[in-house]
Amino acid sequence: MAITDHDTTGGWAAAEAARPAGLRLVRGAELSCRWHGVQPSISLHLLAYLFDPAEPALAEAMRHLRTDREQRGERIVEKLRADGVPITWDEVHGYAAGGSVGRPHIAQALIRAGLVASTTEAFASAWLGARYFVPKIDLDVFEAIAAVRAAGGVPVFAHPRATKRGRVVPDELIVELADAGLFGLEADHEDHSPAERAEIRSLADRLGLVVTGSSDFHGTHKTVQLGAFVTAPEVFEKIAAAATGVTVLG
C-alpha cells in the first residue's frame, strides 16, 4: 500500500504505526503541479514515491503548497457561509485530521449538512467547481520532477488521461517529462476508460516508463474502493529499486 496524501507527509508516522504485519508500505505524496506551456495553464498531479522528506527544496515547496491550500480552504468556507451555508472552518479543518486541507474536506461538510449527496455533486459547477471555486497555487511540473529526483524519490504522473476532470496535457509534454526524469504513468485509475488505459500503456512502452495502478482512495465519502486498482508486483519492485530517499517499510 502507498500513502500519498496531497502535498504532505503528515500521515507517514500514523501509517507506519498502524501497519499490520506483512503489509509493505510505500511512503510518498501527491504533488499539485501545473504546466505553463499553454494558456490557460493545465493542472496535473505528480505522485512522488519514497523521497527524503527532509530534502530542503522539496520540503519547502510542499510547505508552501500546504499553506496556500489552507488559506484557500478558509476563503471557500467564507464564501459559502456568506451565502448562508451552515458549515464551519473548524469542521472542515477537523476532517483533514492534521493533513492538507482540500476541497474534499469541504465536500464532506456539505454532505454532512445534507446539501449534496456525494463528493462528485459537491465538485459540480453549482458548488465547488465554479460558484464557490477559489484558485490555488501549484508547482511547475518540471521543477517538481527535479525536486522529487533530488530528494531520491520516484515521480509518476497521476491519472494523465482523466478527461472527465477537465483538460489533459498532450503526449508531447509527457515525452518532455520523461526526458526530465519522469519514471512512470498511472494507467489503471477510476477516471480512465479502457481505451485511455490502453493509450497510456502504449505511450509508456514507447517512452520506457513504468505503468502503475491506483485506487486513488480519499476516504469513505467517495465511491472508489481501497485497492480497486493495483500495480503489478514487478513494477512495484522497479519503483522500490529506483528510490534512494526512504525505503519501503516491511
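Q: From which terminus are the helices and strands numbered?
A: Helices (H or I, at least four residues) and strands (E, at least two) are DSSP runs. This is a predicted model, where local features need pLDDT of at least 70 and side-chain atom pairs count only at pLDDT 80 or more, while totals for chains, interfaces and linings use all residues. Residues are numbered from 1 along each chain as its sequence is written, and side-chain values use heavy atoms, leaving out hydrogens and water. The helices and strands are numbered from the N terminus.

Q: Is H192 buried or exposed?
A: Let's find H192 in the loop between β6 (184–188) and α8 (194–207). Buried means under 20% relative accessible area, exposed over 50%, and partly exposed in between (1.4 Å probe, protein chains only). H192 has 3% relative accessibility, so it counts as buried.

Q: The backbone oxygen of which residue lies 2.6 Å from a polar atom of the H192 side chain?
A: A polar contact is a pair of N or O atoms within 3.5 Å; within protein, one must be able to donate a hydrogen and the other to accept it, and residues adjacent in sequence count only if both atoms are side-chain atoms. The H192 side chain has a polar atom 3.5 Å from the backbone nitrogen of A162. At 2.6 Å from a polar atom of that side chain lies the backbone oxygen of A187.

Q: What is the phi of H159, a residue that is not a glycine?
A: H159 sits in the loop between β5 (154–157) and α7 (171–180). At 9% relative accessibility, H159 counts as buried. Its phi is positive, at about 30°.

Q: Within what arc do the buried residues of α6 fall?
A: Helix α6 covers residues 141–150, and V141, A144, I145, A147 and V148 are buried there. They line one face of the helix, because, seen down the axis of α6, they fall within a limited arc, taken from the directions from the helix axis to the C-beta atoms. On the other side, E143 and A150 are exposed.

Q: Which residue caps the N-terminal end of α6?
A: Look for a side-chain oxygen that lies 3.0 Å from the backbone nitrogen of F142. The N-terminal cap is D140.

Q: Which residue in β7 stands opposite G184?
A: Strands β6 and β7 run parallel and are joined by 4 bridges. From β7 (residues 210–213), V210 and T212 point one way, V211 and G213 the other, and all are buried. Opposite G184 stands V210.

Q: How many residues apart are R69 and D7?
A: A salt bridge is a side-chain nitrogen of Lys or Arg within 4 Å of a carboxyl oxygen of Asp or Glu. R69 forms one with D7, their closest N and O atoms being 3.3 Å apart. The pair links distant parts of the chain, from helix α2 (56–82) to the loop between β1 (2–3) and α1 (12–18), and the separation is 62 residues.

Q: How many residues apart in sequence are the parts tied together by E237 and R24?
A: E237 forms a salt bridge with R24, and their closest N and O atoms are 3.5 Å apart. E237 lies in helix α9 (residues 233–242) and R24 in the loop between α1 and β2, so the pair ties together parts whose separation in sequence is 213 residues.

Key. Pairing = 2+ DSSP bridges.
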